[in-house]
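Welcome to a short tour of a protein model. Take a moment to look it over, and then read on for a guide to some of its features.

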Amino acid sequence: MGLYRVRVSTGASLCAGSNNQVQLWLVGQHGEAALGTRLRPARGKVSSPEKSGQEGCAPGSESVKSRWWGETRPSRHRTDPPSEGARRTVFDDPQGLFRKLREEELEERRKRYRWGSWKDGLILNMAGAKLSDLPVDERFLEDKRVDFEASLAKGLADLAIKDTFNVLTCWKDLDDFNRIFWCGQSKLAERVRDSWKEDALFGYQFLNGANPMVLRRSSCLPARLVFPPGMEELQAQLQKELEGGTLFEADFSLLDGIKANVILCSQQHLAAPLVMLKLQPDGKLLPMVIQLQLPSTGTPPPLLFLPTDPPMVWLLAKCWVRSSDFQLHELQSHLLRGHLMAEVIAVATMRCLPSIHPVFKLLIPHLRYTLEINIRARTGLVSDMGVFDQVVSTGGGGHLELLKRAGAFLTYSSFCPPDDLADRGLLEVKSSFYAQDALRLWETISRYVEGIVSLHYKTDVAVKGDTELQTWCREITEIGLLGAQDRGFPVSLQSQEQLCHFLTMCIFTCTGQHSSVHLGQLDWYTWVPNAPCTMRLPPPTTKDATVETVMATLPNFHQASLQMSITWQLGRRQPIMVAVGQHEEEYFSGPEPKAVLRKFREELAALDKEIETRNAKLDMPYEYLRPSLVENSVAI
């Protein structure tokens, strides 16, 4: 007779616990037996009754099954999980002893987690148009919901106050943006306000700002860069930097032809800039030339703006670049590659992997709150008459066209920093702290994944033979991503190495990659001239801009105030957050996976300390990939 300890944990949310009873059975290879124990789960409490093994419950194959007597809310994503000694993968269970339980769980899940299509041509999402359509386990707990909605109310209150104070004031000088620059700004945001006109800060943002995903090292001079007569010296300078390996580019061609928004009957405007930059020996990245539009047949070549142009002309050209970067950042880098990609992973996981599966246990902490925050985005930010329609130049339908275009660039390699950074030529750029930290966090996550996978898959054959795993991989690539195998995503997993790489991609996407494009919003977007959400005049075709021209082009005070309010709400440090790897839930119960998780946490702590030490020596610390600040899931 063995001794079994059953640990029943109840969450600490407001309505957790029950006055009803939980009955337990011990299920073994040859049958099942009631434990004769009924628990009354109390909020935030753990019960651990010990029971002797029952006849028919062979060691090594036992699991615990529970029944809730009455209506209550079970623990999040814990549907009768067998113990660590049970059959965990289909390959581990050749006799099919647990097949029926696994199939029943997935059949029930597929009814609750259904694929939907928010807009035609976009990668798929969770079906459901409103929060009440979500399974209860996917909803914010009370602390998260109260904080989110309170911050939204505060942001709207600040917006109303700013609008009231500025509705009758004259808005004609760049310093006038200071009138709305208050409440909750970061130290770096203040630094941006004071230094945003500097070329060094302009270039720095491509390396380490809110959107480090556009910059790449040039392999040739771009074909779109047409040099008019008299620009031979500039062409020679660019060629020299190119030959020295120090020429970089940021190309926003994806915006070309996107229809701009109309806000309150006023036409807004977009550009599709190209910026050529040189990397200096001291690590500074400085712009050399800006082209705001692509050349077109039958028209003169577009103007090339230079640092030697009159200050307001050059500043306006940089504002156009920063506004274009705002559009690509929020829609391509943040929404599509962060939020919507994580949703594909989440829905496929819930539909294809039972809770006993080791990959489910590995991934589930990194999918928390993703479905709710994405529904909130679709119903508030990018919905009809949402924030984008109200104040962003790609709103009014342009944002949807941009998302569809950007879908063609969702390549597997671009989600994997070792491949992406090599492709963009950033691996050896010492002043790219994003590149350094992304690579180190990826490697840390990879070692954690390898540790867990090696415990459950001893051979490549075990990976190939796991039908649930193969279905999950195929569902992500062929269904959720609308057939992304032509962009490198696998439709099957043939080896331990391939599985580890794919899982590392999933976890990094939901943690470090999202944080790297999320956390910088408060710092870089609060001072609106540095990241204008919209532009009210067309791109310049002459070099005679004045302060009045710049002010008439940048967002008005209401548009700027709304940008700042939303930036503050979403970009502020979240008081309700779980740092990467620090989830309290214990999805693995055995000592070996616990040791792997413990080592992962130790490596994260060491990396965090290394970044802190490096940052202490920097003029501008880079913190967006510090493990203590990286959230464990796409939860905001």
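**The overall picture**

What you see is a predicted model. The protein has 636 residues, and 57% of them count as buried. Its secondary structure comes to 19 helices and 16 strands.

**Helix α12 against helix α15**

Helix α12 covers residues 433–456 and helix α15 covers residues 496–518; the two pack at an angle of about 140 degrees, with their axes 9 Å apart. Angles over 145 degrees would count as roughly antiparallel, so this angle makes α12 oblique to α15. The crossing of the two helices is right-handed.

Which residues of α12 meet α15? Among them are Tyr434, Leu441, Trp442, Ile445 and Val449, while the α15 side includes Leu499, Cys500, Leu503, Met505 and Phe508. The residues of the contact of α12 with α15 divide into 13 nonpolar, 7 polar and 1 charged.

**Helix α6 against helix α10**

A second pair of helices can be read in the same way. The axes of α6 and helix α10 (residues 398–407) come within 10 Å and cross at roughly 55 degrees. That value makes α6 oblique to α10, and α6 passes α10 in a right-handed crossing. From α6, the contact is made by Gln327, Leu328, Leu331, Gln332, Leu335 and Leu336; from α10, the partners are His399, Leu402, Leu403, Ala406 and Gly407. Sorted by type, the residues of this contact are 7 nonpolar, 4 polar and no charged.

One residue of this contact deserves a visit of its own. Gln332 sits in helix α6, which spans residues 311–352. Leaving aside residues up to four places away in sequence, Gln332 touches Leu254, Gln327, Arg337, Ala406 and Phe409. Is Gln332 buried or exposed? Its relative accessible area is 14%, and buried means under 20%, so Gln332 is buried.

**Two residues with positive phi**

Most residues other than glycine have a negative phi. Leu264 lies in the loop between β12 (262–263) and β13 (266–267), and its phi is near 50 degrees, a positive value in a residue other than glycine. Tyr369 is in the loop between α7 (358–363) and α8 (370–380); although it is not a glycine, Tyr369 has a positive phi of about 70 degrees. As for accessibility, Leu264 counts as exposed at 80%, whereas Tyr369 is buried at 4%.

**Cysteines and a summary of accessibility**

A disulfide is a covalent bond between the sulfur atoms of two cysteines. How many disulfides does the structure hold? The number is 0.

| Residue | Relative accessible area | Class |
|---|---|---|
| Gln332 | 14% | buried |
| Leu264 | 80% | exposed |
| Tyr369 | 4% | buried |

Terms used
Residues numbered from 1 in each chain as written. Predicted model: local features only at pLDDT ≥ 70, side-chain atom pairs only at ≥ 80, totals over all residues. Heavy atoms only, no water. Axes fitted to C-alpha atoms, helices over the stretch in contact; angles between N-to-C directions. Helix = DSSP H or I, 4+ residues; strand = E, 2+ residues; numbered from the N terminus. Parallel < 35°, antiparallel > 145°, perpendicular 65-115°, else oblique. Left-handed = near helix turned anticlockwise from the far one by under 90°. Contact = heavy atoms within 4.5 Å. Nonpolar A, V, L, I, M, F, W, Y, C, P; charged D, E, K, R; others polar. Disulfide = S-S within 2.5 Å. Buried < 20%, exposed > 50% of the residue type's maximum accessible area, 1.4 Å probe, protein only.
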